[in-house]
Amino acid sequence: MITIGPGGSSGKRSHTHPWHQFAIVFEGGVRLTLGTKVQALRRGDTVTLSPQTPHRWENRARIPTRLVIVSSRSSC
């Protein structure tokens, strides 16, 4: 479980990971920049992130956002 406070983010720039990720938003809302696309996610929304895809999480709301991110290394 990750909590991103109001105005918080996962960093100043997008970043990558060498593994697959799945995320679900439990509370609040978050802005996800995924490559060149930006999408707003709210409670109950899910997303799958491919390895090496640049991404950044950002909470622009006035309340904390809570999400779970599950990571899995590729078995290839």
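Modeller: Strands are DSSP runs of E, at least two residues long, numbered from the N terminus, and two of them pair if DSSP finds at least two bridges between them. This is a predicted model: local features need pLDDT of at least 70, side-chain atom pairs count only at pLDDT 80 or more, and totals for chains, interfaces and linings use all residues. Residues are numbered from 1 along each chain as its sequence is written, and side-chain values use heavy atoms, leaving out hydrogens and water.

Biologist: How many bridges join strand 2 to strand 5?

Modeller: 4, and the two strands run antiparallel. For instance, A23 has V47 in strand 5 as its bridge partner.

Biologist: OK, Q21 next. Where is Q21?

Modeller: Q21 lies in strand 2 (residues 20-27).

Biologist: Is Q21 buried or exposed?

Modeller: Buried, because its relative accessible area is 8%. The cut-offs are under 20% for buried and over 50% for exposed, with partly exposed in between (1.4 Å probe, protein chains only).

Biologist: And what does Q21 touch?

Modeller: Leaving out residues up to four places away in sequence, Q21 touches V47, T48, L49, H55, I69, V70 and S71. Contact here means heavy atoms within 4.5 Å.

Biologist: New topic: where is R62 found?

Modeller: In the loop between strand 6 (55-58) and strand 7 (65-72). R62 counts as exposed because its relative accessible area is 82%.
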